[in-house]
Amino acid sequence: MDLDLNTAIACFKAAIEAAPLAASVLKAAAELFARRNGLDPVKLIVGISADTHEQIDRIVDAEIEAASYPTGAK
Amino acid sequence: MWKLIRCSVVCVLLAVCLPACGSAVSAEQVIRDASVAANLDASIVEALQGSAYVVYRFEQERARGVALELGEGRDATRARVLAVRAQWEPVWSAFDAARAAHAALVALLQDAGASRAAIDAARSASSARMLELRTLVGLARARAEGTVL
């Protein structure tokens with residue numbers, strides 16, 4: 001199966017988002033995958049790691065939206 | 001007399017050959033050192049990233065906790081969290097710069113035609129970005145622990 005770099009980044013990102021505790025293992029797997037499939041391992045790892053802090057932001061934003069607040073408070 | 005001539009010839013040969021030999025060894029050494037530095041830099045980014053995410057999440061949680069204690073609403077809570085995120089922007093920029101510097105060093109190491117000077121410069125640049133990153137993450141951690149305001 002041939003994957004281009006962007007598709008590989010999206011796949012590994014989705015896997016890390018689903019299992020954040022396995023992020024290190026998945027990144028190691030991504031590096032191996034890149035080497036075996038002729039992709040640039042550095043670009044793949046950078047692409048996967050690029051916006052993980054934004055994932056934290058999305059989680060916190062969702063928690064803020066879901067929380068209940070005192071009536072009348074702004 | 002012949003001994004003196006032979007000795008002179010040997011000296012001339014040594015003088016001609018040794019610098020070239022030394023230069024080859026030195027070039028290999030530069031590449032080896034740069035490869036070690038590149039691997040170390042990759043480990044540093046990985047380790048700092050994990051640490052930074054924990055502190056980043058913690059600071060946002062604490063901001064939410066303060067808002068909750070003060071009985072603030074959704075907008076005020078969001079404003080507190082956004083203030084935390086703004087403080088972290090330089091850290092994420094430093095991560096991007098460090099990753100780019102590391103990628104540039106790795107690319108040069110993979111390029112057989114790269115000059116020693118270029119590799120040395122890329123290695124120095126990568127080390128400088130790593131130092132900057134470590135400092136910023138260290139400051140953020142100290143701020144979160146309350147040792148730096």
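Of the 149 residues of chain B, what percentage count as buried? The share is 32%, where buried means under 20% relative accessible area with a 1.4 Å probe and protein chains only. This is a predicted model, in which local features need pLDDT of at least 70 and side-chain atom pairs count only at pLDDT 80 or more, while totals for chains, interfaces and linings use all residues. Residues are numbered from 1 along each chain as its sequence is written, chains are lettered from A and ligands numbered from 1 in the order in which they are written, and side-chain values use heavy atoms, with hydrogens and water left out.

Let's begin with the overall layout. Chain B has 3 helices and 0 strands, counted as DSSP runs of H or I with at least four residues for helices and of E with at least two for strands. Among its contacts (heavy atoms within 4.5 Å) between residues at least 6 apart in sequence, 80% join residues at least 24 apart.

Now for the aromatic rings. Over all chains, the structure holds 6 aromatic pairs; rings of Phe, Tyr and Trp (its six-membered ring) pair if their centres lie within 6.5 Å, and planes under 30 degrees apart count as stacked, over 60 as edge-to-face and the rest as tilted. Tyr56(B) and Trp92(B) are edge-to-face, because their ring centres are 5.1 Å apart and their planes stand at 90°. This pair links helix α1 (residues 2-69) with helix α2 (residues 74-110) of chain B, across 36 residues. Both Tyr56(B) and Trp92(B) are buried.

Trp92(B) also pairs with Trp88(B): with centres 5.3 Å apart and planes at 25°, these rings are stacked. Tyr53(B), Tyr56(B), Trp88(B), Trp92(B) and Phe95(B) together make one aromatic cluster.

Conventions
Buried means under 20% relative accessible area, exposed over 50%, partly exposed in between (1.4 Å probe, protein chains only).
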